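Reader: Could you walk me through this one, a question at a time?

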Amino acid sequence: MKLCMAANWKMHKTQSQAGETAAELVRILGSNLPQDREVVLIPPFTALHAVSQALTSAPGFVLGAQNFYPADQGAFTGEIGPDMLLDHGCSLALAGHSERRHVLGEDNEFVAQKVRFGLDKGLRMILCIGETLQQRDSGQLETVLHDQLSTALSGLQLSNLESRLLIAYEPVWAIGTGKVAQPEDIAQAHAYVRKELTTLLPQSGQSVPILYGGSVKPDNIAQIIGIDNVNGVLVGGAGLEAESMAQIAMGTAQ
Ligand code: PEP
């Protein structure tokens, strides 16, 4: 399974800034990017074209989108559909990021619709899951992860899911806060996610990559990537600068 090193640029960067950062990252990594990994750049919609241009002929790089509405087309003012993303060179999209769940009010059912619709349209999907501090402190970690995973994945019958679906475990309290979960907490949560995946997806669950997200930086990537069942990372803040994202992308286990 390839390591997936993904940078979510959220609502940052104009198209020229995004294009420049992507081009710089390609320049730094060049042909050094090991074959065992891919780098996913996930800019805002308005910068997809510029980043797509910068990634032309950059092996190992993938263009992703932060969101879409699960419909082909129609009266959905302000929304973007999967066909529009594919048309821009995107091959992957996020669903269920904690900011969409907790700031924009998306629930498990809506996230599930996006995962299923995106997969049907041919996008690879990163399903983001994770608990709030209050849920963790009240002993609900496994219940929350179970509900998020099972709503999105129960009964999914698609073939080759291991190359089309990724999970990102991102404890909400570790996102953008500088607080990194302890290695044993990450190992425990990822082991639970792996167990759930093998139950929910008997054919592919063992091979679906599980990424960790939450204040990943150049100075903690080596430790995080060495934890069992961590198959990559989803990075916010530290992925905004090319130099720092390049260090993360090249990270090897301690
Ligand atoms: C994220 O937004 O998915 C994230 C992990 O952010 P940060 O790396 O800034 O914590």
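Reader: Which residues of helix 7 and helix 8 meet?
Author: Keep in mind that this is a predicted model. On the helix 8 side you've got Ala189, Tyr192, Val193, Glu196, Leu197 and Leu200. Facing them from helix 7 are Glu142, Leu145, His146, Leu149, Ser150 and Leu153.

Reader: At what angle do helix 7 and helix 8 pack?
Author: Helix 8 covers residues 183–200, and its axis is 10 Å apart from that of helix 7. Helix 7 passes helix 8 in a right-handed crossing. The packing angle comes out at about 35°.

Reader: Which residues of helix 7 make the contact with helix 5?
Author: Helix 5 brings Asn108, Glu109, Ala112, Val115 and Arg116. By class, this contact has four nonpolar, three polar and three charged residues. The helix 7 side is Asp147, Gln148, Thr151, Ala152 and Leu153.

Reader: Which residues of helix 10 meet helix 1?
Author: Helix 1 (residues 15–29) and helix 10 (residues 242–249) pack at an angle of about 45°, their axes 9 Å apart, and that makes helix 1 oblique to helix 10. Helix 1 puts in Thr21, Glu24, Leu25, Ile28 and Leu29. By class, the contact has seven nonpolar, one polar and two charged residues. On the helix 10 side, the residues are Ala242, Glu243, Met245, Ala246 and Ala249.

Reader: On to the ligand. How many residues surround it?
Author: The closest of them are Lys10, Glu170, Gly176, Ser215 and Gly236. Altogether, the number of residues surrounding the ligand is 13.

Reader: How far is an oxygen atom of the ligand from an N or O atom in the side chain of Lys10?
Author: For context, a ligand oxygen is 2.6 Å from an N or O atom in the side chain of Glu170. Gly176 uses a polar backbone atom, and a ligand oxygen is 2.6 Å from that too. For the Lys10 side chain, the distance is 2.5 Å.

Reader: What is phi of Lys10 near?
Author: Lys10 lies in the loop between strand 1 (3–8) and helix 1. Most residues other than glycine have a negative phi. Lys10 isn't a glycine, yet its phi is positive, near 45°.

Reader: Which residue's backbone oxygen lies 2.9 Å from a polar atom of the side chain of Gln66?
Author: Gln66 is found in the loop between strand 3 (61–65) and helix 3 (82–87). Leaving aside neighbours within four places in sequence, Gln66 is in contact with residues including Trp9, Pro43, Leu94 and Arg100. Its side chain also reaches the backbone oxygen of Ile42 at 3.2 Å. The backbone oxygen at 2.9 Å belongs to Lys10.

Reader: Where is Ser57 found?
Author: Ser57 has a positive phi of about 55° although it is not a glycine. Its place in the chain is the loop between helix 2 (48–54) and strand 3.

Definitions and conventions: Residues numbered from 1 in each chain as written. Predicted model: local features only at pLDDT ≥ 70, side-chain atom pairs only at ≥ 80, totals over all residues. Heavy atoms only, no water. Contact = heavy atoms within 4.5 Å. Helix = DSSP H or I, 4+ residues; strand = E, 2+ residues; numbered from the N terminus. Nonpolar A, V, L, I, M, F, W, Y, C, P; charged D, E, K, R; others polar. Near = heavy atom within 4 Å. Polar contact = N/O pair within 3.5 Å; in protein donor to acceptor, adjacent residues only side chain to side chain. Axes fitted to C-alpha atoms, helices over the stretch in contact; angles between N-to-C directions. Left-handed = near helix turned anticlockwise from the far one by under 90°. Parallel < 35°, antiparallel > 145°, perpendicular 65-115°, else oblique.
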